[in-house]
Amino acid sequence: MTNSYFRLPAWRPRLRQLGLTALLLGSTVLAARAQFAYVPNTVTTTKGTYEDLGTTGTVIATADTDEANSAAQNIGFSFTYNGATFTQFVLNTNGLLRLGADAPVTTSYAYALAPASGPFNSTNPADVNLLLPFSANLVGGTLGAEYRVATTGTAGSRVCIIQWKNVADKALAFAANDATVAATQYDNFSFQVKLHEGSNQIDFVYNAPKPGTADAAKSAVIGLKGASSDVGQNVSLIKSSVDDWTAPTFTTGPTALFQSFRYRISPAPEAGRTFSFTPAKANNLAVGPIYTYGRLATTLNLPHQVKAFITNLSYTKQTGKVATLEVTGANTFTTTTVIPDLAPGDTVTITFGAYPNNLNAGTNTVRVSTVADDDDTNNSATYGQVVSATRVSYYDPTAPSAGLAGVGIGSPGAALVAVYKLATAATLTDVTLSLGPDTVSTTPTTYKVVLYDASGIDGPLGRALYTSPIQTRAATSSTAVIPIPNIQVPPAFIIALEEQNNPLYIDYQNEFPLRFDSYYYLAFGSGGPLNFPPQKQGWRLAVDFNTAAPACPAPVGVAVSSITSTSASVSFSALASGPASYQLIYGSPGFDPAKEGTTITVSASPFTLTGLNPASAYQVYMRGNCTTTGTNLVPITKPVTFTTPCAANPVIASFPYVQNFDIPVAGQSLSCGLTVLDANADRATWATTKATPNSGLSAMRYTSAITGSKAADDWFFTPALNLAAGTRYQVAFRYRGEGIANSPSPYVEKLEVKAGPTATPAGQTMLLYTNENIVNTNYALADAASTPVVASFTPASTGTQYIGFHVYSAAEQGNLYLDDLNITAAVVTATTSEALLRAVSVFPNPSTTGVFDLEIHDAKAKRGLDVQVTNNLGQVVYTGTARDNYTNRLDLSRLAPGLYHLLVRNGNERLTRQIAIVK
C-alpha cells in the first residue's frame with residue numbers, strides 16, 4: 001500500500017446512509033407485494049478489474065441506440081429477485097434492464113437533471129424488477145454502441161454478464177424551459193451487470209470512460225427496483241457531481257433532484273469500479289465496531305461503558321434481540337442489553353452497563369455478540385484492551401494497523417485531532433504516536449503537539465494548554481514519545497497533531513462509522529474551528545498519552561440518588577490506592593469548585609446531603625482529601641448534576657416572595673406551590689407558557705378558546721404565606737393582554753387579586769386589586785403606585801394566607817399574561833409612613849446583580865428622600881438620596897449575596913423593607 005493523505009474538499013454533507021428504510025416498511029406494505037431482499041447496508045463498493053466481453057457471448061439486437069428495448073434474452077440459469085425466479089431479461093439502451101420476458105415502459109429522461117421522471121420512480125405496473133447500472137438518456141458513443149450478453153462458469157456458480165459498450169450520455173437541456181444544454185460528459189462509456197447464480201448477488205462494473213469536452217453536472221439513477229419506488233422496495237446510490245465514485249451513499253426510496261447519482265467529466269469512475277448488491281437474509285444482525293478504550297486507565301476512565309454499533313442487515317424488522325458484552329482476561333464479567341427494534345437497513349449504537357469500579361491491571365479481551373441468526377459470520381466483534389493506572393488510548397493494541405501507510409493532511413498549520421473525555425482531570429507526562437513510513441516527503445517532516453481545553457463543549461477548540469517544541473519525525477516507521485512537562489488538563493481535552501510542512505503519516509486502524517466526537521481534522525491552523533471527521537474515512541489514530549499517577553486519586557462512580565426536596569444521597573467507590581477520606585463539593589450548576597461551593601469531608605459511601613433548597617439545581621464534585629499536595633493538583637471528578645423536587649406543601653415564611661413562573665423541575669406543569677382552579681370547568685384556564693414572558697423563561701397565562709369561549713372564571717393561588725401581625729405586605733406583578741406588542745389588544749380582560757385564609761374562591765375575602773380594562777399588549781406594572789393601585793394589607797394576627805388571581809373576562813375574549821410576582825414585607829412601627837408604603841416599590845427583589853430600581857411615586861417629598869441600607873449585623877453599607885416621582889437606581893453590586901434592610905426617610909416619615917441579593 002502506498003502512503004496516503006487527504007485533500008480538503010469543499011465539504012458537502014453526506015446524506016445519511018440509512019436512508020428512509022424505517023418510514024414505510026412494515027407488514028401492511030409488504031403483505032401486498034413480494035419481499036425485496038436488497039437493503040442499503042448490504043451494498044458494497046470495491047475496486048476490481050473491468051474485463052470487456054470482446055466477442056464472448058451474444059450480441060443483443062435493438063432497433064436503435066436511443067431508448068430502444070431488446071427482445072427477451074436468456075440469463076442461462078434461474079435467478080431469484082424480488083420474491084420471484086427469472087430466466088430472462090429485456091435490455092434497454094438507456095442503461096437499464098427488466099428481469100423477465102416483458103419490457104419496461106418508462107425508460108427515458110427528458111432533461112439532464114430529471115431523475116424523478118424516469119423508470120425508477122414510475123408507477124407504471126410494467127416498470128418493475130429493474131436493474132439500473134446507469135439509467136440516463138443514452139445514445140451510441142463515437143466508437144459505436146454494442147450490447148452483449150454472456151454466461152460463464154460451471155453450473156451452480158455461473159455468472160451472466162450483460163454489457164453496454166461505447167454508449168454516451170445525450171446532450172440535453174438542464175431542465176424544463178431551460179435553454180442551457182448539458183453537454184455530453186462521456187463520449188464512450190462501457191459498463192456491465194453481473195448476475196451470480198445461487199447467491200443472487202448483482203454487480204455493476206464500470207470501465208473508465210472517454211471524457212467529453214464540456215464539463216457539466218448531470219443526473220443518472222444507479223440502483224435496483226423491486227415492485228415500486230416505495231421505501232424498502234428499492235436501493236439507489238446517491239452522490240454529488242464533485243464526489244468520487246468510490247463512496248456514494250446507499251439509500252432507499254424515490255429519487256429527486258438532489259437524491260440521484262450526479263456525475264460530470266471529473267471525477268469519473270476508474271476501470272473496475274464495482275457496486276455489489278448482496279441479498280439480505282431474513283434475520284441478520286451485524287455487530288461492529290465496538291467503541292471502548294484500547295488502553296484504559298483506572299484512575300481516569302472509570303466509570304466506563306462499552307458501546308457497540310449494531311446494523312440490521314435483514315430484510316425484516318428485528319425486535320427483542322439481546323446483545324452480550326463479555327470481558328475476559330485480567331478482568332472477567334458479563335452483561336447484556338436489549339437492542340432497540342430495528343427496521344431493515346437501520347442501525348443503532350447500544351450502551352452496556354458500566355465496568356466494575358475496581359479493575360485489575362493487565363490485558364482484557366472485550367467481546368460483543370448477538371444471538372445466532374441466518375449469518376453467524378458477523379454476530380460478534382472483539383477489541384483488545386490493556387488496563388493500567390495511567391495510560392489512555394482508543395487504539396486497539398492487539399490489532400494491526402490498517403496498512404503500511406499512515407495518514408496525514410499535508411497542509412502546514414493543519415492538524416489531526418483526538419478528543420478525550422475522562423472521568424477526572426489529569427496530569428499529562430507524554431504523548432506517544434505510532435508513525436508509518438514516509439516515502440514521499442523530500443524534506444524532514446516536522447510537527448507540534450498542542451493540548452487544548454474542551455471543557456463543556458463538544459468539538460470546537462478551547463484555550464490552548466500547552467504547545468510542544470517542533471518535533472522531527474523519522475522517515476521510517478517509528479514510535480515517537482513526546483514529553484509533556486506535567487501539564488494539567490481538564491476531564492475534556494484535545495490532543496492536536498499540528499503539521500508544519502508535510503503529511504504526518506500517523507498509523508491508524510479502520511473504524512466505520514467512526515466513534516462520535518473523538519477524531520477530527522483542523523484545516524485552518526491552531527485555534528480555528530474543528531472540521532468534520534477526515535473525509536469519509538474511519539481513522540482510529542495511533543495516539544495515546546500517559547499521566548502521572550495521582551498521589552491522591554479521586555473516587556470513581558460518583559452518583560446521586562434518593563433525591564428529596566431538601567436532601568440527596570451521594571454514592572461513590574474509593575480506589576484501593578485512594579485516601580482515607582474525600583472532599584465533596586456542591587453548589588449551583590456552573591460554580592467553580594476550586595473557589596466556590598460548600599465542601600464537606602466524607603469517608604464512607606453513601607453520604608446524605610441535607611439542608612438543600614426545594615426545586616433547585618445542584619452540581620456535585622469529589623476529590624481526595626489530601627491538602628498537603630494542594631487542591632489545584634488533586635484530580636477532581638466530573639460534576640454530577642441533579643435537581644431537587646418541590647416541597648410537598650410549601651409554606652413561604654421569608655419575604656420577599658418572588659415568582660417568575662419558570663419551571664425549575666423537569667416534568668412539572670406549574671412552579672412550586674402554585675395551584676389552579678378551572679371554576680367554570682371549560683378546560684380554558686391558567687398554565688405556564690414560554691410565549692412572551694416578561695423575564696426568565698416562562699410566564700403565567702390564562703388561555704381562552706376565544707371563538708365560542710365561555711366567560712372566564714379561573715383562579716391561580718400562591719403557596720401558603722406565613723404572615724405576621726404588625727407587618728404590611730405589598731403585592732406587585734406585571735401583566736399584559738393578547739395581541740401585537742405596542743398596539744391595543746382587540747380583547748378586554750378582567751382581573752382581580754384577593755387574599756384570604758384558604759386557596760378557594762370563597763376563602764378569598766380581601767380585595768387587593770381590580771382591573772376591568774386590560775388592553776395593553778406590553779407588560780405593565782401593578783403595584784402600590786400604579787393605576788389602578790394594588791392595595792397593601794396588614795394581617796390582624798399572625799397566620800397563613802393565600803393570594804388568589806382571578807380572571808373573569810367576558811365570553812370570547814383573549815389570553816391574559818402575568819409575570820414577575822413580588823410580595824414584600826415591611827414592619828409597621830409608630831414611625832412607618834402609610835404614604836411611603838404606597839409610594840415605594842423595589843424591583844427586582846431579589847436581584848441577581850445587586851442593582852435595584854427604587855420606584856417612588858407621589859410620596860409628596862419636598863426634597864430628596866434619604867436612603868440607607870444595612871446588613872444583618874446592623875452595619876450601614878449604603879447611604880444616598882432618591883427623587884420622588886422617579887425610578888431611582890440603587891446600585892449594591894459591590895455587596896455580597898445575602899439579605900439587607902432598606903430604609904427610606906421623607907422628613908419624619910419612615911419605611912423599612914427587606915431586600916435580597918442572590919448573585
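Predicted model: local features only at pLDDT ≥ 70, side-chain atom pairs only at ≥ 80, totals over all residues.
I start with the cores. The largest nonpolar core has 68 residues, and those touching the most other members are Y420, L433, L451, I495, I506 and F545. Take I506: leaving aside residues up to four places away in sequence, I506 touches G406, V407, L416, L433, S434, L435, L497, L541, A542 and V543. Another core lies apart from the largest one; it has 42 residues, including C160, I202, Y206 and W245.

Next, the rings. The count of aromatic pairs is 43. In one of them, Y420 and F493 have ring centres 5.6 Å apart and planes at 25°, so the pair is stacked. Y420 sits in strand 29 and F493 in strand 35, so this pair ties together parts 73 residues apart in sequence. Y420 is buried, at 0% relative accessibility, and F493 is buried with a relative accessible area of 0%. Y508 and W539 make a tilted pair, 5.9 Å centre to centre with 50° between the planes. W539 counts as buried at 6%, and Y508 counts as buried at 7%.

Ring pairs also link a cluster, among its members F134, W164, Y206 and W245. As for charges over rings, R883 lies over the face of Y886, 3.9 Å from the ring centre, and R734 lies over the face of F843 at 5.4 Å.

Which strands are at its edges? The sheet is open, with 4 strands in the order 63-62-65-66 and antiparallel pairing. Its edge strands are strand 63, residues 876-882, and strand 66, residues 909-917. The twist averages 20° from one strand to the next. Strands 62 and 63 are joined by 6 bridges, and D866 stands opposite T881 in strand 63.

Note on methods: Residues numbered from 1 in each chain as written. Heavy atoms only, no water. Core = buried A, V, L, I, M, F, W, Y, C linked by side-chain atoms within 4.5 Å. Buried < 20%, exposed > 50% of the residue type's maximum accessible area, 1.4 Å probe, protein only. Contact = heavy atoms within 4.5 Å. Pairing = 2+ DSSP bridges. Helix = DSSP H or I, 4+ residues; strand = E, 2+ residues; numbered from the N terminus. Axes fitted to C-alpha atoms, helices over the stretch in contact; angles between N-to-C directions. Phe/Tyr/Trp six-rings, centres within 6.5 Å; stacked < 30°, edge-to-face > 60°. Lys NZ or Arg CZ within 6 Å of the ring centre and 35° of its normal.
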